[in-house]
Amino acid sequence: MKLIIIAVGNKMPAWVTEAFTDYQKRFPPEMKLVLEEIAPVKRNGKNSDEKAKEQEAKMILEALPKKAYIIALDERGKQFTSLELGDKVGVWQNLGMDVVLIIGGPNGLTDEVRNKANELWSLSKLTLPHPLVRVFLAETIYRGWSIYANLPYHRA
C-alpha cells in the first residue's frame with residue numbers, strides 16, 4: 001500500500017524537505033509514503049484566488065489514482081488523537097488500496113474536491129503554514145503507524 005500525499009505547493013525550504021524525507025525513510029516497505037507536488041497557480045488581479053483554487057482543484061482531481069481511499073485535509077474535518085490515528089492506520093492497511101491525503105493550496109479546497117473525498121481530516125483548529133503541514137502530516141502518520149505496529153516511538 002502507498003500513502004500518497006498530494007500537496008499544492010513547491011519550492012519548500014530545505015529543512016522541510018529534510019524533515020519530510022527523514023520520516024519518509026522510517027516507513028516500512030509495505031506502507032510507502034509518497035509525495036506528489038502540484039505547482040500552485042499564480043494569483044494576480046480580481047477574483048484570482050477563486051480562479052486559482054478551481055485550477056488547482058482540476059490538477060488535484062487529475063492526479064488522483066483511479067482506485068484509492070481519499071482523505072482531504074480540511075478545517076471542517078474530524079480531528080483524531082494519536083491513538084485513534086493508530087487505529088485508522090490499521091484500517092487503511094486493510095483497505096487493499098492506496099490512501100491519498102490531499103493538502104490544498106493557500107485558499108483551501110473546492111467543494112468538488114471535498115465531495116470526492118471519502119473523509120475530511122482536520123489536523124488542528126490552528127492555521128498551519130503549508131511547509132509545516134507536510135512535516136506534521138508525515139510525523140503524525142508515522143506515529144499512528146508506530147502505535148498500530150506496537151513500536152516504542154509513541155510514549156503515551
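Close-up 1. Lys 11 counts as exposed because its relative accessibility is 79%, and exposed means over 50%. This is a predicted model. Lys 11 sits in the loop that runs between strand 1 (2-8) and helix 1 (14-26). Its phi is near 55°. That is a positive value, in a residue other than glycine. Most residues other than glycine have a negative phi.

**Close-up 2. Asn 150, in the segment after helix 5.** Asn 150 is found once helix 5 has ended, in the segment that comes after it. What is its phi? The angle is near 60°, a positive value in a residue other than glycine. Asn 150 has a relative accessible area of 68%, so it is exposed.

Close-up 3. Leu 132 belongs to helix 5, which spans residues 130-148. Is Leu 132 exposed or partly exposed? Its relative accessibility is 35%, so Leu 132 counts as partly exposed. The partly exposed range lies between the buried limit, under 20%, and the exposed limit, over 50%.

**Close-up 4. The largest pocket.** This pocket has a volume of about 560 Å³. Its lining is made by 22 residues. Nearest the centre lie Leu 73, Asp 74, Glu 75, Thr 127 and Leu 128. Two or more lining residues come from each of two elements, strand 3 (68-78) and helix 5. Strand 3 gives the most, with four residues. How does the lining divide by class? Nine residues are nonpolar, eight are polar and five are charged.

**Close-up 5. The second largest pocket.** The space here is about 160 Å³. Residues lining the second largest pocket include Gln 79, Phe 80, Thr 81, Ser 82 and Leu 85. Trp 121, Ser 122 and Leu 123 are also among them. Helix 3 (82-93) and helix 5 each supply at least two lining residues. Which element gives the most? Helix 5 does, with four residues. By class, the lining holds five nonpolar, five polar and two charged residues.

How values were computed:
Residues numbered from 1 in each chain as written. Predicted model: local features only at pLDDT ≥ 70, side-chain atom pairs only at ≥ 80, totals over all residues. Heavy atoms only, no water. Buried < 20%, exposed > 50% of the residue type's maximum accessible area, 1.4 Å probe, protein only. 1 Å grid on protein atoms, 1.4 Å probe; cavity = no way out; pocket = protein on both sides within 12 Å on 5 of 7 lines; lining within 4 Å. Points joined across faces, edges and corners; volume = space filled by probe spheres on them. Nonpolar A, V, L, I, M, F, W, Y, C, P; charged D, E, K, R; others polar.
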